[in-house]
Amino acid sequence: MNKFSLNVQNISPWQVLHFKEIPSTNDYSKKNILNLHVPSLITADHQTAGRGRGAHTWEDESAGEQFLSTWVLGLGRNNPDPRWTMAIGFLIFKCLEKAWPELQVSVKPPNDIFVKDRKLAGLLVETVTEGGNLFLVIGLGLNVFSSPHAHKNTAISLADKLESLTEKTWQEFLSLIAEEFLNFQKFVSSPNWLSAISKDLISAMNRHPDRKLNPVHSIAATGSIQLDQGYLNWLEL
């Protein structure tokens, strides 16, 4: 496999902004939300203060090794829903599975992407309201050519598992994400949006090794996850 640039080629109608270095693509998006022409994609070679969910951080050691991005969608007058976080994780799972079915990915609640017991990608999904309009800010960090050395025993990269990782398959994967996110932008206005993906989302979660003995049964409106035995509190995920 020849290493290639992770820079994004044209994916109309997305506005693409790229930075060599930035504290956080999510923070930049939130601070400049009214200056972006949504849908927007902000990428960076390196983040100096990458964030994850809660107190977690996202580490990248070498520029061009991980895909560091934030995808911004305009959701109009919709009200925020905690289950969007899991739905976005499922969409990334779905795109990875379609692009490279040999990966055998899973979703660890709420939305981390794993290959067996190793983390491949993390998501930070946030909302911003400006002028009565809601924006969804989707931070995606994906290990492409390598994973951070500090997490070598718990993380994995696409290059570790794929012989079919090429610039062509990479750009096709990004196009899949762009299309799925635009579809998501449309169907979240439906009161039954979750039912359309619920079965497949639960299946993706139950692929993770943690769920082998105690699988996911259902997802509550609060975002909490009902297991066969007990539940996962949304506020603690």
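1. **Ground rules.** This is a predicted model, in which local features need pLDDT of at least 70 and side-chain atom pairs count only at pLDDT 80 or more, while totals for chains, interfaces and linings use all residues. Residues are numbered from 1 along each chain as its sequence is written, and side-chain values use heavy atoms, with hydrogens and water left out. Helices (H or I, at least four residues) and strands (E, at least two) are DSSP runs, numbered from the N terminus.

2. **Two cis prolines.** Please look at the peptide bond that joins Ser12 and Pro13: it is cis, with omega at about 10 degrees. Pro13 sits in the segment before β1 (15-22). Another cis peptide bond links Val38 to Pro39, with omega about 5 degrees. Pro39 belongs to the loop between α1 (25-31) and β2 (40-47).

3. **Positive phi at Gln104.** Gln104 is not a glycine, yet its phi is positive, at about 60 degrees. This residue is found in the loop between α2 (83-99) and β4 (105-108). Is Gln104 buried or exposed? Gln104 is exposed, because its relative accessible area is 57%; the cut-offs are under 20% for buried and over 50% for exposed, with partly exposed in between (1.4 Å probe, protein chains only).

4. Strands β5 and β6 run antiparallel and are joined by 3 bridges; two strands count as paired if DSSP finds at least two bridges between them. Phe114 faces Lys119 of β6 across this pairing. The hairpin has 2 residues between its strands, and Lys116 in the turn shows a positive phi of about 55 degrees. Lys116, in the loop between β5 (112-115) and β6 (118-130), has 55% relative accessibility and so counts as exposed.

5. Strands β8, β9 and β10 make an open sheet of 3 strands in the order β8-β9-β10, with antiparallel pairing. Both β8 (216-219) and β10 (231-232) are at the edges with a single partner strand each, so one side of each has no neighbour in the sheet. Helix α5 (residues 198-206) packs on the sheet and touches β8 and β9, and its direction makes about 140 degrees with that of β8. Contact means heavy atoms within 4.5 Å, and axes are lines fitted to C-alpha atoms, for helices over the stretch in contact, with angles from 0 to 180 degrees between N-to-C directions. Strand β9 (residues 225-227) pairs with β10 over 2 bridges, and Gln226 has Tyr231 of β10 as its bridge partner.

6. **Salt bridges.** How many salt bridges does the structure hold? There are 9, where a salt bridge is a side-chain nitrogen of Lys or Arg within 4 Å of a carboxyl oxygen of Asp or Glu. One of them joins Lys3 and Glu65, with the closest N and O atoms 2.2 Å apart. Lys3 is in the segment before β1 and Glu65 in the loop between β2 and β3 (66-74), so this pair ties together parts 62 residues apart in sequence. Lys3 is partly exposed at 49%, whereas Glu65 is buried at 15%. Another pairs Asp45 with Lys20 at 3.6 Å between the closest N and O atoms. Asp45 lies in strand β2 and Lys20 in strand β1, so parts 25 residues apart in sequence are tied together. Here Asp45 is buried at 16% and Lys20 is exposed at 65%.

7. **Helix α4.** Glu172 and Lys168 meet in a salt bridge at 2.6 Å, N to O. They are separated by about one helical turn, because they are 4 residues apart in helix α4. Gln171 also lies in this helix (residues 167-187), and it is buried, with a relative accessible area of 9%. Leaving aside neighbours within four places in sequence, Gln171 is in contact with Asn7, Val8 and Gln9. Its side chain reaches the backbone nitrogen of Gln9 at 3.4 Å.

How values were computed:
A polar contact is a pair of N or O atoms within 3.5 Å; within protein, one must be able to donate a hydrogen and the other to accept it, and residues adjacent in sequence count only if both atoms are side-chain atoms.
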